[in-house]
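Here is a short tour of one model, written for someone who likes to know the cut-offs. Have the viewer open as you read along.

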Amino acid sequence: MTINDIQRVTTTEFEAFIAHPENAARRFELIDGEIVEKAMPTEQHGMIEGRFSQVLNNYFDVHAEIEARVVGNARYRPTDDPENDRLPDVAVVLGNRPITRRGAANFIPHLCIEIQSPDDRLKTMRKKADFYLENGALCALVVRPDKRTIEVYSADDEIAILSASDTLTFPDLLPGFSVSVDKLFPPANPIEDES
Amino acid sequence: MTQTLQRVTTPEFEAFIALEQNADRRFELIDGEIVEKPMPSQEHAWIESEISFVLKLWLQGNGSVAADVYVESRHRPTDDTKNDRIPDVALVMGRRKITRRGAANFIPEMCIEIQSPDDRLTTMRKKAAFYLEYGAQYALIVRPIKRMIEVYSADDELALLTAADMLTFPDLLPGFSVAVDKLFPPADRIEDES
């Protein structure tokens with residue numbers, strides 16, 4: 001069974017598909033009924049993911065009064081949505097919901113972060129951001145390593161484009177959180193040149 | 001009336017807008033759904049008129065660039081039976097034939113949408129994405145309240161221009177440049193809503 005054999009599937013079929021032994025080491029999302037393979041993370045992608053988790057976890061360590069968790073690459077689907085199963089690169093879940101041990105969590109995290117891989121189309125990533133916001137996220141980030149910018153989409157329909165010299169904050173979501181955008185990206189020099 | 005109609009195709013849409021009671025109203029067909037376009041406020045019309053004016057003025061002075069400016073004209077992608085759209089302002093490159101009746105069968109190179117008080121940004125951004133998907137090079141969302149413009153381009157770039165920025169289209173209209181602030185009425189002339 002390959003991706004192309006399947007047209008529109010529901011979450012039940014998706015579960016069966018990802019449970020196949022040949023798919024064990026791969027990452028898939030279900031996007032409006034379509035199975036889409038997620039690119040394997042590059043080193044650059046993994047570093048940025050790591051930095052986001054680090055600064056967010058640091059924040060929650062300091063602000064122990066805020067109940068929340070930082071989650072990397074976990075499966076989420078909106079409650080009662082049989083056509084979607086998503087893997088935000090980094091997610092913040094506020095509150096003390098029980099932690100899902102098997103399958104997808106039945107909600108969308110409050111903050112969803114997507115980091116662009118070399119082959120990711122921005123259009124597709126922005127649609128993901130919209131999807132998160134439409135289904136309960138308060139904020140969604142599209143992180144663009146090549147430009148060293150972050151697009152911040154909020155539930156009130158606002159957009160901000162932060163460049164390396166800006167500071168990323170979430171005044172409503174994470175009061176007091178603040179990190180320089182530049183610090184979320186690996187230093188420019190040691191990045192391997194693609195050309 | 002819009003609520004009762006479910007999904008229709010362009011022939012049904014044509015019949016619907018031809019109804020006598022719809023004569024003075026403006027409708028779009030959005031993925032098979034008939035959606036009424038809000039009647040333009042004075043502020044909306046001011047901006048629409050200013051944008052078409054600066055574009056026309058520039059084109060007059062730059063005869064080597066062939067293009068036409070349209071206000072509220074109907075466009076649908078070739079062979080698309082589920083869409084019929086009315087960008088507030090459109091720039092059509094070249095010297096295409098001008099449609100006399102019905103919708104033009106293409107999407108303009110530049111489509112500009114001006115936000116009305118009740119327009120949701122998410123809906124407007126979906127319109128911008130639609131224009132780009134069907135051939136537009138640029139799609140603009142003009143936001144009077146914030147005095148800013150979101151510029152979406154076919155290469156997937158997004159620029160957020162504020163009043164202090166300049167609006168340019170280097171590949172489409174080389175040399176064209178206008179201050180974003182000038183495209184909005186002076187702030188002190190706008191009636192206070194509160």
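## Ground rules

Helices (H or I, at least four residues) and strands (E, at least two) are DSSP runs, numbered from the N terminus. This is a predicted model, where local features need pLDDT of at least 70, side-chain atom pairs count only at pLDDT 80 or more, and totals for chains, interfaces and linings use all residues. Residues are numbered from 1 along each chain as its sequence is written, chains are lettered from A and ligands numbered from 1 in the order in which they are written, and side-chain values use heavy atoms, leaving out hydrogens and water.

## Arg86 in chain A

Let's start in the loop between β3 (68–72) and β4 (90–94) of chain A, where Arg86(A) is found. Arg86(A) has a relative accessible area of 2%, and buried means under 20% (exposed is over 50%, partly exposed in between; 1.4 Å probe, protein chains only), so Arg86(A) counts as buried.

Beyond residues up to four places away in sequence, Arg86(A) has contacts that include Glu29(A), Asp32(A), Tyr76(A) and Phe131(A); contact means heavy atoms within 4.5 Å. Leu30(A) is also among them, and its backbone oxygen lies 3.3 Å from the side chain of Arg86(A).

## The sheet in chain B

Chain B holds an open sheet of six strands with mixed pairing, in the order β3-β4-β5-β6-β7-β8; two strands pair if DSSP finds at least two bridges between them. The edges are β3 (67–71) and β8 (158–161) of chain B, each with a single partner strand, so one side of each has no neighbour in the sheet.

Strands β4 (residues 89–93) and β5 (residues 110–114) of chain B run antiparallel and are joined by three bridges. Ala90(B) has Cys111(B) as its bridge partner in β5(B).

How values were computed. A polar contact is a pair of N or O atoms within 3.5 Å; within protein, one must be able to donate a hydrogen and the other to accept it, and residues adjacent in sequence count only if both atoms are side-chain atoms.
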